[in-house]
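I opened the model to look up a few points about its chains and the places where they meet. My entries follow in the order in which I made them.

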Amino acid sequence: MKGVLEATKLSRRYGRFWALRDVDLELKAGEAVALLGANGAGKSTLLTTLATLARPTRGRIEIMGHDPGKGAARVRAHMGYVAHHTLLDDALSARENLAYYAALFGLDDIDRRVHQRLSEVGLERRAEDRVEGFSRGMRQRLSLARALLHDPSLLILDEPFTGLDAPGCRDLADRLREERAQGTSIILATHQLERVLPWCDRVVILHRGRKVEESPASTYDSIGWAGHLSEIAADHSTPEGVRT
Amino acid sequence: MNTTNRILLALSALGMVAIFAMVFLILPDDRAQGFVQKIFYLHVPCAWVSFLAFTVTAFRGLRYLMTKDLGHDRAAAASAEIGVLFVSLALITGSLWGRPIWGIWWTWDLRLTTTFVLWLLYVAYLILRRAIGDRERRAQLSAVTGLISFVDVIIVYFANRVKATQHPAPVIGGGEDSGLPGLFLFTLLLGVFTMTVFYTLLLRTRTEMAAIEDDIEDLWLAHS
Amino acid sequence: MKAFWGIVGAVLARDVRAEWRRKDIFTTIVMFGLLTVVVFVFSFDPSRHAREEVVPGTLWTAFFFAGILGLNRSAARDSQDDLVSGLITSPADRGALYFGKLLAHLVFMLVGEAVILPLVVVWFDLGARHLTPSFFALLALGTLGYLAVGTVFAVVGQKTRLREVMLPVLLLPVLTPLLLACVEGTTIVMTPDTMEGFGAWIKLLVGFDVIFLVTGFLLYGFVLED
């Protein structure tokens, strides 16, 4: 199967701090991978680097066979990104926000696409309302609709469940599961592994910027994973464990 | 210190001694302006080096944008630091010269204004560098700023040319009777040469130092 | 080509629409511009100075400083919900994004100037003799050149530790030739019975605008993605 994403020895330094060190990662078409790790483990850095928002300090990335350092536009046209922030303009309505992004992506048939994505996330009746009146859950759904507008082959999500209530999380997880079923590759960072375990292929655990574990999702159970994560953190905080 | 730097150091030291010998011992005083005119042999080389330094900053910035090689950024930054030093010297020596000749320390004429704006632009460039912590981001944004500043200096020059000027007309190629007698021209060219060599030495040393600073930071990071 | 202008239009439309609803950039520009004019009116009593002495400096200082606050406001708004990341992760041509932003800023500035200018006309008693097509040409070219550079540096400023303070530090030195041309040109317009030397300043402004429009177009991408 063809690789959607291939990262080799990826490192990123911010000022005087290595946020990411020598991470290898591979994603095949249609796969879903969950990134796990404590705050500051490097999950966001890995995702922003993959999303072409930050250049790697060292290492290589290849997405859909392209090097983002050379042909970034081609990579971006195939990639959807859901960040901490919504990337939405508060003063614009749901529909206006999506139409704006559709134009930035140079899409045709904008009205139909926007309408379709809005109804998929259950926001068609709020289409003309400004985003400033939306709840966190509605914003997150709209943000997902934005990321899916151009039918990306790769979806990158940075803690999409943060701030959502239980039904909100369930709805979002169902939406992602459907996308995955339609063949979209997904990589997401989360603190709520139980939401994604049922449909993820692999789990990658980061600790202090390094990849410390990568296993099939089936090896984790939806209750015991949190304890496992603490064990990893304890193992690697010994001086030998972090020494380069 | 490597061989090239030794040679550059020796050349600039010899050149400086030679200039001072010419100025104090050999050249006669200027008929109209007297001894004070001889600051010219320091003033013009400093001004020349400051423009050269900022051209190098812009060029290395452009190279950084093309290659993303941080070595270019270090050289661009070093050149800007040295440039600020020389442009300050040019402004001070010019002021010292202007006071007895024009009767004023400062006037807003063509070359003075251009030089002062040059100083402002590159001080802003250095402030920008200090305000960004991340190495790659600093390199990229500084490169853009260096390029814009460089383009701007050229426009500033033309803008001021539209206004009248009271600065002495160019002594070389400025008109029929503007040529310098051989010995004077020799001293001027010697000054320009010496200062350029000295600039090259400073640039090389400062760039090497910046590379070492980065290496130290990397080592410190690798073991933290 | 059609795709290029589609992106320019989308960026322009979003900025203008959001501003129409928020009005924060407009308020910033107008309030600060007016306050600057008032400070000048109190500092130099208009009844005791000739127009050509006070009007050019007052007008352009007000526009320049008001513009800095407006540009900062615009850039800060884009980093608020990280709309900048939305621009970066899109495949849109960087030059198109630059022109979109530039045109939006142009709309904000021209609207602000349209409010500030009538008050300057009243307070300094300007007449039809002063508000000639030459004067408006100066205004348009000056504002365009100002924003051609300002649109780039506004993004740079937001990415530094100094944030809002960085923009004037970077922008004002670069604008010296533009300021010179605008002030000198306006002085000629305000001086009775002569337009001598005006053409040279217009030429300089056109040169400045063209050079920095091209520079901004080429460099905006490097500023956006660092």
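**Entry 1: one residue of chain B**

I began with Asn5(B), which is buried, with a relative accessible area of 2%. The model I am reading is a predicted one. The cut-off for calling a residue buried is under 20% relative accessible area, so the 2% of Asn5(B) puts it in that class.

Where does Asn5(B) lie? I found Asn5(B) in helix H1 of chain B, which runs over residues 3-26.

Next I asked which residues Asn5(B) is in contact with, leaving aside its neighbours within four places in sequence. The list is Leu201(B), Arg204(B), Thr205(B) and Glu208(B). With Arg204(B) there is also a polar contact, side chain to side chain, at 2.7 Å.

**Entry 2: chain B as a whole**

I then stepped back to the chain that holds this residue. Chain B has six helices and zero strands. Its pattern along the sequence reads α-α-α-α-α-α.

I noted the box filled by the C-alpha atoms of chain B as roughly 65 × 45 × 25 Å along the principal axes. Chain B has 224 residues, and 46% of them count as buried. I also looked at contacts in chain B between residues at least 6 apart in sequence; 78% of these join residues at least 24 apart.

**Entry 3: chain C against chain B**

How many residues of chain C are in contact with chain B? I read 28 from chain C and 28 from chain B. The buried area between these two chains is about 2,500 Å², and carbon and sulfur atoms give 79% of it. On the side of chain C, Arg161(C), Phe222(C) and Asp226(C) supply 20% of the area buried against chain B, more than any other three residues.

I looked for salt bridges between chain C and chain B and the count is zero. Polar contacts are present: five residue pairs across this interface, both residues at pLDDT 80 or more.

For the elements of chain C that give two or more residues to this side, I wrote down helix H6 (133-158), helix H7 (166-190) and helix H8 (198-224). H8(C) has the largest share, with ten residues. By class, this side of chain C divides into 20 nonpolar, three polar and five charged residues.

**Entry 4: chain A against chain C**

Arg76(A), Tyr100(A) and Leu104(A) supply 27% of what chain A buries against chain C, more than any other three residues.

How many salt bridges are there between chain A and chain C? I read five. The one I noted down is between the side chains of Arg22(C) and Asp89(A), at 2.9 Å from N to O. The polar contacts across the interface of chain A and chain C come to nine residue pairs, both residues at pLDDT 80 or more.

Last, I looked inside chain A.

The area buried between the two domains is about 560 Å², of which carbon and sulfur atoms give 57%. Which residues of domain 1 lose the most area to domain 2? They are Leu155(A), Asp158(A) and Pro160(A), together 52% of what the domain 1 side buries.

The salt bridge count between the domains of chain A is zero. Two residue pairs are in polar contact across this interface, both residues at pLDDT 80 or more.

Definitions and conventions
Residues are numbered from 1 along each chain as its sequence is written. Chains are lettered from A and ligands numbered from 1 in the order in which they are written. This is a predicted model: local features need pLDDT of at least 70, side-chain atom pairs count only at pLDDT 80 or more; totals for chains, interfaces and linings use all residues. Side-chain values use heavy atoms; hydrogens and water are left out. Buried area is the accessible area (1.4 Å probe) that two parts lose on being put together, summed over both. A salt bridge is a side-chain nitrogen of Lys or Arg within 4 Å of a carboxyl oxygen of Asp or Glu. A polar contact is a pair of N or O atoms within 3.5 Å; within protein, one must be able to donate a hydrogen and the other to accept it, and residues adjacent in sequence count only if both atoms are side-chain atoms. Helices (H or I, at least four residues) and strands (E, at least two) are DSSP runs, numbered from the N terminus. Buried means under 20% relative accessible area, exposed over 50%, partly exposed in between (1.4 Å probe, protein chains only). Contact means heavy atoms within 4.5 Å. Ala, Val, Leu, Ile, Met, Phe, Trp, Tyr, Cys and Pro count as nonpolar, Asp, Glu, Lys and Arg as charged, and the others, Gly among them, as polar.
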